[in-house]
Amino acid sequence: MTVHEQPPVPRQYTPPTLAETGGEGVLANAAISVALMTGGALLYRRSRAQSRP
């Protein structure tokens, strides 16, 4: 080894990880979706009941 060479730097091992796909809020989004669909269905039924003679 000459004066200008440096010893190799040991690498730290990083285990493989899965890709971030943006699926962390699926349960909350599903709950909000169910609430919006239920609210829409209730409004639809109420408007249909009011339009009947």
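Trainee: In which element is Ala31 found?
Mentor: This is a predicted model, in which local features need pLDDT of at least 70, side-chain atom pairs count only at pLDDT 80 or more, and totals for chains, interfaces and linings use all residues. Residues are numbered from 1 along each chain as its sequence is written, and side-chain values use heavy atoms, with hydrogens and water left out. Helices are DSSP runs of H or I with at least four residues, strands are runs of E with at least two, and both are numbered from the N terminus. By that numbering, Ala31 is found in helix 1.

Trainee: Is Ala31 buried or exposed, or in between?
Mentor: Buried means under 20% relative accessible area, exposed means over 50%, and partly exposed lies in between, with a 1.4 Å probe and protein chains only. The relative accessible area of Ala31 is 47%, so this residue is partly exposed.

Trainee: How many residues of helix 1 are buried?
Mentor: Helix 1 covers residues 26–51, which makes 26 residues. The helix is hardly covered, and its count of buried residues is zero.

Trainee: What is the radius of gyration of the chain?
Mentor: The chain has one helix and zero strands. The radius of gyration is taken over C-alpha atoms, and the globule rule is 2.2 Å times the number of residues to the power 0.38. For 53 residues the rule gives 10 Å, and the chain is well over this, so it is more spread out than a compact globule, with a radius of gyration of 30 Å.

Trainee: Is Pro15 buried or exposed?
Mentor: Pro15 has its place in the segment before helix 1. Because its relative accessible area is 51%, Pro15 is exposed.

Trainee: What distance separates the C-alpha atoms of Pro15 and Tyr44?
Mentor: Along the chain, Pro15 and Tyr44 are 29 residues apart.

Note on methods:
The expected span of a helix is 1.5 Å times one less than its number of residues.
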